Amino acid sequence: MSDTALVWLRRDLRLFDHAALYHALRHHARVIPVFVFDRALLDSLPRSDRRVEFIHAALAELREALHRLGSALVVRHAQAHEAIPQLAAEFGAQAVYANRDYEPAAIARDEAVGRALHGLGIAFRTSKDQVIFERDEVLTGSGQMYSVFTPYRRAWLARLTPFYLSSYPVRRYLEHLAPLSPQPLPTLAELGFEPSNLSTLPVPLGSSGGEQLFEAFKERIDRYHEARDYPALKGPSYLSVHLRFGTVSIRELARHAYEQGSAGAQTWLSELIWREFYQQLLWHRPDVVGHAFRREYDSLPFPNREDWFAAWCEGRTGYPIVDAAMRQLNTSGYMHNRLRMITASFLVKDLLVDWRWGERYFAERLIDYDLAANNGGWQWAASTGCDAQPYFRIFNPVTQSQKFDAEGRFIRRYCPELAALPAKAIHAPWLATPDTLAAAGVRLGHDYPKPIVEHAVQRAAALALYQRE
């Protein structure tokens, strides 16, 4: 057993079922967990960013857990490709362990770190951790990537065995954590950030928060397939941000869903497989960042009216379900998955704004932002991606609202100016009678905007735009 190793934490902020930590602890007598607040990522973010605050809280919990074990978390605020080799040299490490990331920028960063470590005679060892199957582990019979979800899901399930769902028994090797005195954790202010409203939101933080949410979801997972599409119901797991930053284990989640076996659990497992579908797609096709997967749609002549885009961003389109969803995003950094599809379709196919504008806005606002899932979801909505819906399938925001928020409970929460409208009128206030509006205290164009577009007209315009290609 060689002497010292670093474990570089990134999208895996936990001390259990952790591939890189397990391998480091098994092969080294002294293991030091490190984290870098990477300036390459942070310097471009707004000064109040819920994601940075979420990470900071997770690290604070990790720091306390390591302190109880007689070790410490070493944190730096620097360029990661410089800090990791410096830390490895500082602590006399023979190797640096990390779990793999599949985003193009992360791959380039890790290649740079690997080269620098190699120059110092230090090994860089990476592991699969954030997915069950990675990169090219699930391929078609001809050895190609899957570009349609349903056959990918079948192949994914066919390949699955208990081995892939088993946890890494980290705890039995924790005595190999290096004994260290407590290390400082930079404050948000020292990192150049200020608190957001995260502390006021119902988002349990750290790995303890992930465990809390998962235990609560287990009680309702069997009904997931029935409740997941209704934003006013407690249907989702709410684990997306914990999956994003690895405060939960994907193996633990997938194992529970697979073993539970109910219709709800199977549907949720399919959602976890969607996540991996987009991860493998991004790894095979990094060019989808900024470009359409289906290149014939890469230069669609979107009018891109900036005033319409601003109305969409701010939740003032005059379509209540769209506005409520955008206000949820702006207020909390979260948006229900059904609403992500509705708002994306509305931006691209009603407002005729390039999907990349919406993708960027979601990237700035979502606390659970994940490049692969965000890009894949937006391209699905825009019909430019793999497994795309046909371009002529366009969500009607009113009928979607009537179907998935029939009583208007979600709309009333985020559009309180419409709260007094009856359920039949709340989905399309412009169709309500003057008496109904007056009784609810709603003056269209004053208390709540009139629709900025007419759906039927814009649907025809979208069809014409796509048919040019």
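**Close-up views of a predicted model**

**View 1. Glutamate 53 and its partner serine 196.** The side chains of glutamate 53 and serine 196 make a polar contact at 2.6 Å. A polar contact here is a pair of N or O atoms within 3.5 Å; within protein, one must be able to donate a hydrogen and the other to accept it, and residues adjacent in sequence count only if both atoms are side-chain atoms. This is a predicted model, where local features need pLDDT of at least 70, side-chain atom pairs count only at pLDDT 80 or more, and totals for chains, interfaces and linings use all residues. Residues are numbered from 1 along each chain as its sequence is written, and side-chain values use heavy atoms, with hydrogens and water left out.

Glutamate 53 sits in helix α3, residues 50–68. Helices (H or I, at least four residues) and strands (E, at least two) are DSSP runs, numbered from the N terminus. Does glutamate 53 count as buried or exposed? Glutamate 53 is buried, yet it has no salt bridge: arginine 50, the nearest side chain of opposite charge, is 7.1 Å away. Buried means under 20% relative accessible area, exposed means over 50%, and partly exposed is in between (1.4 Å probe, protein chains only). For charge, Lys and Arg count as positive and Asp and Glu as negative, while His and the chain ends are not counted. A salt bridge needs a side-chain nitrogen of Lys or Arg within 4 Å of a carboxyl oxygen of Asp or Glu. Leaving aside residues up to four places away in sequence, glutamate 53 touches Leu188, Pro195, Ser196 and Leu198. Touching, or contact, means heavy atoms within 4.5 Å.

**View 2. Salt bridges, starting with aspartate 129 and arginine 14.** The structure holds 28 salt bridges. In one of them, aspartate 129 meets arginine 14, with the closest N and O atoms 2.8 Å apart. Aspartate 129 is in the loop between β5 (123–127) and α6 (149–159), and arginine 14 is in the loop between β1 (2–9) and α1, so this pair ties together parts that are 115 residues apart in sequence. Both aspartate 129 and arginine 14 are buried.

Now look at aspartate 49, which forms a salt bridge with arginine 51 at 2.9 Å between the closest N and O atoms. Aspartate 49 is buried, at 4% relative accessible area, and arginine 51 is buried too, at 12%. Aspartate 287 and arginine 285 also join in a salt bridge (2.8 Å, N to O), but aspartate 287 is partly exposed, with a relative accessible area of 25%. Elsewhere, Arg11, Asp101, Glu103 and Asp370 are linked in a network of salt bridges.

**View 3. Strand β2 and its neighbour β3.** Nine of the 11 residues of β2 (residues 28–38) are buried, so the strand is largely enclosed by the rest of the structure. With strand β3 (residues 74–78), β2 pairs in the parallel sense over five bridges. Two strands count as paired if DSSP finds at least two bridges between them. Check the spot where aspartate 38 stands opposite alanine 78 in β3.

**View 4. Tryptophan 268 and the nonpolar cores.** Which residues have the most contacts inside the largest nonpolar core? They are Ile132, Trp156, Trp268, Trp312 and Phe362, in a core of 92 residues. The largest share of this core, 10 residues, comes from α13. Apart from it lies another core, of 38 residues, including Ile55 and Phe245. A nonpolar core is a set of buried Ala, Val, Leu, Ile, Met, Phe, Trp, Tyr and Cys residues joined through side-chain atoms within 4.5 Å. Among the residues that tryptophan 268 touches are Phe214, Tyr224, Leu253 and Ala257.

**View 5. Helix α12 and what covers it.** In α12 (residues 250–260), the residues Ile250, Arg251, Leu253, Ala254, His256 and Ala257 are buried. Their cover includes α1 (19–27), α7 (162–165), α9 (206–218), α11 (240–245) and α13. At the start of α12, a side-chain oxygen of serine 249 comes to within 3.2 Å of the backbone nitrogen of arginine 251. Just after α12, glycine 261 has a positive phi of about 75°.

**View 6. Glutamine 280 in helix α13.** Glutamine 280 belongs to α13 and is buried, with a relative accessible area of 2%. Its side chain reaches the backbone oxygen of phenylalanine 277 at 3.1 Å. Glutamine 280 also touches residues including Arg135 and Tyr152.
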